[in-house]
Structures are given as structure tokens and as C-alpha cells.
Amino acid sequence: MGHPRGLFYLAFTEAWERFSYYGMTALLALYMVNQLLLPGHVGHIAGFAGFRAALESLAGPLSTQALASQIFGLYTGFVYFTPLLGGMIADRWIGQRNAVVIGALSMSAGHIAMTLDQSFLAALLLLVMGSGLLKGNIAAQVGGLYPAEDEARRTRGFVIFSTGINIGAVVGPLICGLLAQLYGWHYGFGVAALFMLVGLVTYLHGYRYLPVRVERRNDESSRLSGADRRIVGALIAVMIITVFQSISYYQIFNVMPVWIQQHVALNVGSFRIPIPWYQSVSSFASIVGVPLLFWIWGRQALRRREPDDLAKIGIGAWMAAASNLILVAVIVVSGDTPIDPIWPLLSCVGLGIAFLYYWPTLLALVSQAAPARANGTLMGITYMSLFVSNTLIGWIGGFYERLSPAAFWALHAAIAAGGGVAIALFGSRLRRALQSG
């Protein structure tokens with residue numbers, strides 16, 4: 001396909017890692033609401049009484065659902081915060097390859113610990129630490145496979161890499177969700193641990209094809225130049241804008257499973273649709289959408305009308321807003337009647353296409369435009385935007401029981417639209433700053 005061989009080892013490693021992550025994450029909110037945080041179970045978690053007291057000292061008394069939402073938001077938030085530290089460690093000391101291996105080992109241990117109630121908090125900590133070393137550094141390696149001037153091929157490389165993410169994100173909830181429904185929660189968590197180990201084996205098999213460190217320019221100085229600082233500032237501004245659509249997208253893993261359980265007619269004949277399967281839908285849409293988007297972008301490029309990276313990010317924001325409005329409309333029309341399962345499916349499809357427009361494009365933009373000496377660190381900061389958005393979805397999810405379902409999803413539509421408005425207002429200024437280098 002005209003890409004470096006190392007890209008496919010990275011893509012498949014990320015596919016297995018995302019299988020384990022999304023498989024576990026698709027179970028997490030329902031597991032906490034339906035079992036772990038209920039009397040008879042919550043008392044078994046080591047250290048949980050102090051942890052809950054600390055949370056409630058900040059947020060006030062929390063219901064079971066609100067507590068689960070806060071824990072989910074903090075966990076998924078810190079999964080995306082620690083790549084900042086992992087990128088700095090790799091840039092300065094151990095290199096990207098070693099960081100990914102250590103991170104994969106830590107995540108494997110975390111998934112194994114998830115199979116026991118007692119080690120729940122320790123499992124989340126191991127997963128957070130491992131993700132910090134793995135996520136930003138594996139993405140930085142993708143950018144390091146391409147020459148600095150090859151922007152178009154790099155962007156498509158990141159889309160292929162994101163397809164690996166989405167393959168894992170499709171299969172993980174399907175298998176883990178089915179096993180959890182048939183045999184119990186811990187079987188779902190156990191298979192997540194198994195596939196994290198498969199990801200580590202895949203990475204080690206392709207080890208020799210991967211850059212030890214992201215290449216740096218020979219003329220770099222010990223400090224960032226004025227142009228470099230303008231580029232860094234513009235990239236951080238774009239990351240902040242994408243927080244809006246990320247809040248809209250990632251709520252499908254936190255509150256949406258609870259909403260589906262309460263309001264969607266899941267029985268189809270004698271079969272009951274596993275709720276985690278809905279988390280697979282958005283990722284499947286992203287996979288199917290790749291060749292379609294490549295075709296659309298190629299046709300637009302022939303007419304010199306292909307949207308640039310910032311415009312694609314804006315399109316993703318508007319698509320995320322429209323996807324949430326689907327839920328608002330069907331809730332209003334259905335009233336108290338259980339909702340047909342097709343409607344949340346269509347919403348998840350729209351969110352999957354929105355993700356494909358904005359997230360791999362952001363990764364490619366940072367990889368191409370970031371000053372080389374800070375490449376890994378800025379990739380870590382990119383994932384920090386997901387720390388902000390996931391932490392916020394945990395907080396926003398705490399209001400789910402206080403709002404009507406229509407108002408809750410309308411709020412997310414408005415948040416996503418805010419990202420599109422920000423690109424429209426500030427896009428020209430950001431483009432000038434990014435071109436200053």
C-alpha cells in the first residue's frame with residue numbers, strides 16, 4: 001500500500017491493545033452500576049472507602065450511577081493524561097520502543113487484576129500507568145516512519161493506524177460483552193488480559209522495523225525558536241477545540257450503556273442484544289468509512305478542494321453534534337415507549353464517522369507540524385486533550401439522573417457544535433501560526 005512495513009506492526013499492536021482496552025471499558029460502567037458498587041460487593045474492594053470519601057469530599061454525596069460515572073471519567077481521563085509523562089520519559093531517557101514494551105506489560109497485569117473485585121483500584125492504576133508509556137509513544141513512532149515533508153502520506157498512515165485502533169475497538173466489546181452476558185463479568189475482563197499479551201508479542205515481532213526514537217532535525221537548537229513556539233501554541237489551541245467533540249463521542253462508553261439499559265428495547269426474538277455491542281458500532285463505522293473517505297478526499301484533491309486538516313476537524317465536530325441530535329429526536333418522538341434499537345445504532349455510526357474526521361487528522365497534524373525535538377511530548381499533550389474530555393464526561397454524567405434524557409443528549413449536541421464554531425471563528429489564525437515554521 002506504499003507505506004513503511006513498521007506501520008502495520010504498529011497498527012496491529014494497537015489493534016490488540018485497543019481490543020483489551022475497549023473490551024474492558026465497554027463493560028466497566030455497567031459492571032459498576034449493576035454489581036461492583038452494590039452492597040455485598042463494594043465492601044470487598046481494597047482501599048475503596050477512603051477513595052469514595054475523597055471523591056465525595058469534592059463532589060458531594062454520589063448515587064451509585066453518579067459514583068460509577070465519576071470513576072469511569074477519572075480512569076479514562078488519566079489513561080489519556082499519563083501519555084504526557086510517558087512521552088517525556090521516552091524522549092529523554094528510554095526511547096519509544098522500550099516505553100511501549102514496558103507499558104504493554106503493565107497493562108497486561110492491570111487487565112489480569114480486573115478479574116478480582118479486591119484488586120479493582122490497583123487494576124485501574126496499572127492500566128493508567130501502562131497506557132501512559134504505550135499510547136503517545138506508539139503514535140509518535142507512526143509519525144517517525146515518514147519524511148517530514150510527506151504530509152499527505154503521513155495523514156493516510158495515521159488513518160490506517162486508526163483503523164487498527166477501530167478493529168480492536170469493534171471486536172473487543174463484541175467478544176467481551178458476549179462473554180460477560182453469558183458467563184459473568186470476570187470472563188470478559190480475562191479475555192481482555194489475554195489479548196493485551198497478544199499485542200505485546202506482535203510489537204516484539206516487528207521491533208526491528210520501528211524507530212528507536214523519533215528522528216530529530218540536525219539544525220535544532222537547545223530551545224524552541226519563536227516560530228516553534230507559535231506552532232506549539234496553535235497545536236495546543238486545536239487540541240483544546242477537539243475536547244468539545246471528544247466529550248460528545250466518549251460519552252457513549254459512560255452514560256450511554258446505562259441509558260440503553262433503561263430505555264431501549266434490546267430483545268430481538270429470543271436474543272437479547274448485549275449492551276457493549278453498541279460500543280463496537282462507532283468503531284465499525286470508522287473502519288467502513290476509511291475507503292469511502294479516501295475516495296472522497298481523493299476526488300476533492302483532484303479538484304483542489306480537499307479540506308485541510310483544520311477543516312476536517314471542524315466537520316467532525318458538526319457530525320458529532322448531529323449524531324447526538326438523533327437521540328434527542330427519537331426520545332421526544334417515543335415518549336414513554338421503549339426505543340427501537342436501530343436509533344442508538346445510527347447515532348453511534350454517526351459518531352464513528354465524526355471520530356474518523358477529527359482524531360486521526362489531529363494526530364497527523366501534530367506529528368507533521370510539531371517541532372521535532374518535542375514531538376513525543378506534544379503527542380502526549382494531544383492525548384491529554386482526551387484526559388480533559390474524559391474527566392469532564394465523568395462529571396457531566398453525574399447530572400444524568402437530574403436531567404431528562406432528551407436534555408442530556410441535547411447538551412452533548414451543543415457541546416460538539418461548540419468545536420465546529422471554534423474552528424469557523426479561529427481557523428484562519430491557526431493556519432497562519434502553523435505555517436510560520
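**Close-up views of a predicted model**

**View A. Helix 5 and helix 9 are roughly antiparallel to each other.** In this predicted model, the axes of helix 5 (residues 151–183) and helix 9 (residues 277–302) cross at roughly 155 degrees, and over 145 degrees counts as roughly antiparallel. The two axes come within 7 Å. The crossing in which helix 5 passes helix 9 is left-handed.

**View B. Residues of helix 5 meet residues of helix 9.** On the helix 5 side, the residues include Arg156, Val159, Thr163, Asn166, Pro173 and Leu178. Helix 9 contributes, among others, Trp277, Gln279, Ser283, Phe284, Val290 and Trp297. By type, the residues of this contact between helix 5 and helix 9 are 13 nonpolar, six polar and one charged.

**View C. The largest nonpolar core has 129 residues.** Helix 1 (residues 5–36) gives the most to this core, with 14 residues. Another core lies apart from it and has eight residues, among them Val159, Ala285, Val290 and Trp297. Within the largest core, the residues with the most contacts are Phe120, Leu235, Tyr250 and Trp259.

**View D. Tyr250 and its contacts.** Leaving aside neighbours within four places in sequence, Tyr250 is in contact with Tyr22, Tyr80, Phe355, Tyr358, Leu386, Asn390 and Ile393.

**View E. Ser246 lies in helix 7 (residues 226–250).** Ser246 has a relative accessible area of 0% and is therefore buried, the cut-off being under 20%. Beyond its neighbours within four places in sequence, Ser246 is in contact with Tyr358, Leu386 and Ser389. Tyr358 and Leu386 are also among the contacts of Tyr250.

Notes: Residues are numbered from 1 along each chain as its sequence is written. This is a predicted model: local features need pLDDT of at least 70, side-chain atom pairs count only at pLDDT 80 or more; totals for chains, interfaces and linings use all residues. Side-chain values use heavy atoms; hydrogens and water are left out. Helices (H or I, at least four residues) and strands (E, at least two) are DSSP runs, numbered from the N terminus. Buried means under 20% relative accessible area, exposed over 50%, partly exposed in between (1.4 Å probe, protein chains only). Contact means heavy atoms within 4.5 Å. A nonpolar core is a set of buried Ala, Val, Leu, Ile, Met, Phe, Trp, Tyr and Cys residues joined through side-chain atoms within 4.5 Å. Axes are lines fitted to C-alpha atoms, for helices over the stretch in contact, and angles run from 0 to 180 degrees between N-to-C directions. Angles under 35 degrees count as roughly parallel, over 145 as roughly antiparallel, 65 to 115 as roughly perpendicular and the rest as oblique. A crossing is left-handed if the near helix is turned anticlockwise from the far one by less than a right angle, and right-handed if clockwise. Ala, Val, Leu, Ile, Met, Phe, Trp, Tyr, Cys and Pro count as nonpolar, Asp, Glu, Lys and Arg as charged, and the others, Gly among them, as polar.
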